[in-house]
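Here's a quick tour of how a protein packs its inside and where it leaves gaps. Have the structure open while you read.

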Amino acid sequence: MKLRKIITVLLATVTLTTVSGLLTSQPEMVQAKQTKIKIKKTKNGFTANFNFPQSWRGKWYSYTNQKLKSMEIHSKGLNTPWTGEYVKLVTPTKVKGTNKYIWQMGHKWNQKHYPVIKKVSRLSTKTLNKQKWIIMSPIDEKSLKMGYAFALDTRQLDGTNQEIMFEANPITGQIYEQFFRSPELAQKYSGYRFNDLNYLSYDVN
């Protein structure tokens, strides 16, 4: 009887030690599981939780190829300089009822939701050439290579500080467009290049 009690105590000790070891050796697994549960899913696969900084908002002008272009930035989106249409910047989420992002959904689903998808653009941020850029790209593309990168900076031109919005390649960070706060400034400095910045090989004007 005494021997049975000793064996029972030993088994209980081994069991507790094993369980304790498992709990202390798996914090990463527990944390990963919790993170997975928190992934947000929305009906259309995105959420509009982004706001442009106040300093970015308003009208911007560019003068390239002897043509004036304008872009207007609002709180959650912008009228693009290419078509003038308003596009809202959104953050990708997984599509409700699935474990997929929009770019992982099939052609049929994308066709059905195209009226909504065409009005939004995917928001990303990226540091290129030591400068932080806001990137807008197609919401149904995983890669950013089809996107447009924007960064705002204050630069000195002819002894005066001017706000300049740079547009660049989202992969290389090479600049191919510069926007100013007025049409006059855009035309005056259309071909100006800053020595410390990386431009595409062709002329910006």
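This is a predicted model: local features need pLDDT of at least 70, side-chain atom pairs count only at pLDDT 80 or more; totals for chains, interfaces and linings use all residues.

Residues are numbered from 1 along each chain as its sequence is written, and side-chain values use heavy atoms, with hydrogens and water left out.

The protein has five helices and twelve strands (DSSP runs, H or I of at least four residues for helices and E of at least two for strands, numbered from the N terminus). It has 205 residues, and 37% of them are buried (under 20% relative accessible area with a 1.4 Å probe, protein chains only).

Now the cores, meaning sets of buried Ala, Val, Leu, Ile, Met, Phe, Trp, Tyr and Cys residues joined through side-chain atoms within 4.5 Å. The largest nonpolar core holds 19 residues, and those touching the most other members include Trp 133, Leu 157 and Phe 194. Strand 3 (58-64), strand 9 (131-137), strand 10 (148-157), strand 11 (160-168) and helix 5 (183-188) each give two or more residues to this core. A second, separate core has 16 residues, among them Trp 56, Trp 60, Val 87 and Met 165.

On to the gaps. On a 1 Å grid over the protein atoms alone, a cavity is a set of points where a 1.4 Å probe fits but cannot get out; a pocket is an open set with protein on both sides within 12 Å along at least five of seven lines, and lining residues have an atom within 4 Å of a point. Grid points are joined across faces, edges and corners, and a volume is the space filled by probe spheres set on the points.

| Space | Volume | Lining by class |
|---|---|---|
| Largest cavity | about 50 Å³ | nine nonpolar, no polar, no charged |
| Largest pocket | about 570 Å³ | eleven nonpolar, five polar, four charged |
| Second largest pocket | about 190 Å³ | six nonpolar, four polar, four charged |

In those classes, Ala, Val, Leu, Ile, Met, Phe, Trp, Tyr, Cys and Pro count as nonpolar, Asp, Glu, Lys and Arg as charged, and the others, Gly among them, as polar.

The largest cavity's lining includes Trp 56, Met 71 and Ile 134. Of the 20 residues lining the largest pocket, Val 87, Ile 117, Lys 118, Val 120 and Ser 121 are the closest to its centre. For the second largest pocket, strand 10 gives the most to the lining, with three residues.

How values were computed. Buried means under 20% relative accessible area, exposed over 50%, partly exposed in between (1.4 Å probe, protein chains only).
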